[in-house]
Amino acid sequence: MLTTRLTNGRILTMDPDRPAARELGVWRGRIVGLDEEVAALPARRTVDLQGATVLPGFIDSHVHLAWTGLKAGTPTVAPCRSAEDVLAAVAEAVARAPEGGWAHLAGYDQRGLGRHLTAAELDRVSAGRKVFLMHDSGHGCLVNSAVLDLLPAELRDGEGFLAEGAMGAARALRLPHSQQELADAIGHAARTCLAEGVTGCAEAGIGGALLGHSPVELGAYQLAREQAKLPLRVQLMVSADRLHPVGAHEDDGIPRGLDLGLRTGFGDDRLSVGALKVFTDGGMMARTAALSRPYEGLDHGGQLQDDPEVLAATIVDGHLAGWQLAVHAIGDRAADVALDALERAQRLRPRPAARHRIEHAGLVRPDQLDRMARLGVAAVVQPNFLRYFGDDYAAVMGEERAPWLYRGRGFLDHGITLVGSSDRPVADGSPLRAVQFMVERASRSGRVIGPDEGITVDEALRAYTVAGAFACHWEDSAGSLTPGKRADLVVLGDDPTSVDVSRIGDIDVVATFVEGLEAEGAAL
């Protein structure tokens with residue numbers, strides 16, 4: 001007897017051997033068959049889809065769940081369009097903070113204000129509190145003098161804006177969060193994912209100086225699972241900050257690792273350790289993504305996180321320790337550093353099945369495409385970055401480089417696995433809106449950015465299903481509606497392959513099923 005039968009639907013399986021069906025049977029959380037394979041079997045529950053479209057559950061291969069949940073409960077300056085409005089919002093947060101404590105706000109982005117605010121301006125409304133405004137990119141912050149005074153002299157910026165390592169040092173003054181606080185935040189973000197049809201995701205960096213929230217952060221995900229607050233599949237990337245020398249046998253060839261040899265693959269099909277996250281540069285919003293030529297209108301091309309040889313050594317050591325690598329490289333200079341190091345690592349110890357990934361691949365020159373293909377690395381992109389920030393990104397890249405931003409067709413035509421993701425909460429998390437952008441290549445203002453990089457709807461959907469599963473080593477259990485795989489699926493109010501492309505982002509997510517059960521609390 002089937003646990004559940006879904007009938008009368010337009011089921012797009014993403015399986016080339018059987019691309020479409022009208023009926024799907026589930027038993028013990030797994031798909032057991034389609035159409036005639038299950039038509040005669042009794043079922044405890046039958047769901048009439050009434051013509052709705054069914055797809056495999058979306059996989060968001062680069063997210064920040066804890067940050068997303070925490071940000072949702074943090075006062076924000078995002079609606080502010082002037083320095084005075086920002087300072088007024090800070091003053092409100094300061095009034096609620098304990099004397100001598102912290103006022104923490106989210107949503108800071110100098111681009112909407114026309115300039116950075118300064119520590120001196122924050123000081124006027126700080127009332128003795130320590131003020132910290134997180135930049136929306138995750139690669140910088142604005143602080144007042146009370147915070148600057150606590151930092152080492154070499155990290156102090158009298159103006160108040162701190163980027164990359166200096167930002168991490170400022171964040172460390174206030175951390176850590178408790179595991180329970182993080183578990184609650186993770187649960188909130190997970191429900192948001194489910195509401196958008198996401199049934200699996202990769203958490204992009206726990207325990208690190210830039211985005212980590214606690215030295216025992218992995219335990220927060222275990223706690224969330226134990227408390228039934230983790231209703232989807234999650235793979236955890238570990239920050240490369242956690243690597244340290246280990247006394248392994250020389251035959252193991254592991255110069256640096258985590259205690260007990262923990263590496264990619266540990267865990268089960270609901271919560272596991274994924275890739276090692278290596279940061280090579282910053283972000284375009286903060287103008288810290290490392291470019292080979294300066295930003296338009298600026299006298300610099302961003303920055304690397306460290307000396308190129310130090311970054312390369314981390315990448316090589318992670319590879320030698322058996323990790324899948326997720327190398328954050330947004331600018332083309334950072335991509336050069338990443339590709340050079342990955343090439344060196346594969347020469348030292350060939351691991352063709354490692355499935356190393358370039359996270360973001362925000363600006364990739366034409367000459368870098370062949371190198372990525374030759375090394376077999378996946379490009380894990382965030383299409384919604386250009387949907388929401390594309391006008392700004394295109395302007396700071398200039399006419400020649402703008403078409404290279406967050407490519408689609410260029411990757412696919414070179415045989416590079418193209419993987420979709422959101423980087424939530426940096427940008428909107430909706431896979432359907434991202435799919436629409438990958439086809440149209442149009443920002444919200446209507447500006448078309450790199451039209452030759454547009455791909456088909458089917459290719460875009462594959463980036464969020466089949467390719468996402470492959471990048472996370474989940475292809476045996478997720479990514480397509482194939483008998484034997486988990487019954488993780490999303491029910492949509494319309495068919496993204498048949499509606500006008502301009503409507504894809506507005507298609508309703510009717511229901512999300514995880515292991516054959518309709519997710520509770522998924523609606524926002």
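I count two residues as in contact when heavy atoms lie within 4.5 Å. The model I am reading is predicted.

**Entry: helix α1**

I looked up α1, residues 65-72, and found that helix mostly covered, with 6 of its 8 residues buried. The buried ones are L65, A66, W67, T68, G69 and L70. I then asked what covers the buried residues of α1. The cover includes the strands β8 (58-63), β10 (130-135), β13 (198-206) and β14 (233-239), along with the helices α6 (179-195) and α7 (217-226).

**Entry: helices α8 and α9**

Next I checked how α8 (residues 308-320) lies against α9 (residues 332-348). Their axes come within 9 Å and cross at roughly 40 degrees. Angles under 35 degrees count as roughly parallel, and α8 and α9 are therefore oblique to each other. The crossing of α8 past α9 is right-handed. On the α8 side I listed P308, E309, L311, A312, I315, V316, H319 and L320 as making the contact. On the α9 side the list is V337, A338, A341, L342, R344, A345, Q346 and L348. Sorted by type, the residues of this contact are 12 nonpolar, 2 polar and 2 charged.

**Entry: a sheet**

I traced an open sheet of 6 strands in the order β3-β2-β7-β22-β23-β24, and its pairing is mixed. Which strands stand at the edges? They are β3 (20-21) and β24 (517-518), each with a single partner strand, so one side of each has no neighbour in the sheet. Within the sheet I looked at β7 (residues 53-56) and β22 (residues 489-492), which run antiparallel and are joined by 4 bridges. L55 stands opposite V490 of β22.

How values were computed. Residues are numbered from 1 along each chain as its sequence is written. This is a predicted model: local features need pLDDT of at least 70, side-chain atom pairs count only at pLDDT 80 or more; totals for chains, interfaces and linings use all residues. Side-chain values use heavy atoms; hydrogens and water are left out. Axes are lines fitted to C-alpha atoms, for helices over the stretch in contact, and angles run from 0 to 180 degrees between N-to-C directions. Helices (H or I, at least four residues) and strands (E, at least two) are DSSP runs, numbered from the N terminus. Angles under 35 degrees count as roughly parallel, over 145 as roughly antiparallel, 65 to 115 as roughly perpendicular and the rest as oblique. A crossing is left-handed if the near helix is turned anticlockwise from the far one by less than a right angle, and right-handed if clockwise. Ala, Val, Leu, Ile, Met, Phe, Trp, Tyr, Cys and Pro count as nonpolar, Asp, Glu, Lys and Arg as charged, and the others, Gly among them, as polar. Two strands pair if DSSP finds at least two bridges between them. Buried means under 20% relative accessible area, exposed over 50%, partly exposed in between (1.4 Å probe, protein chains only).
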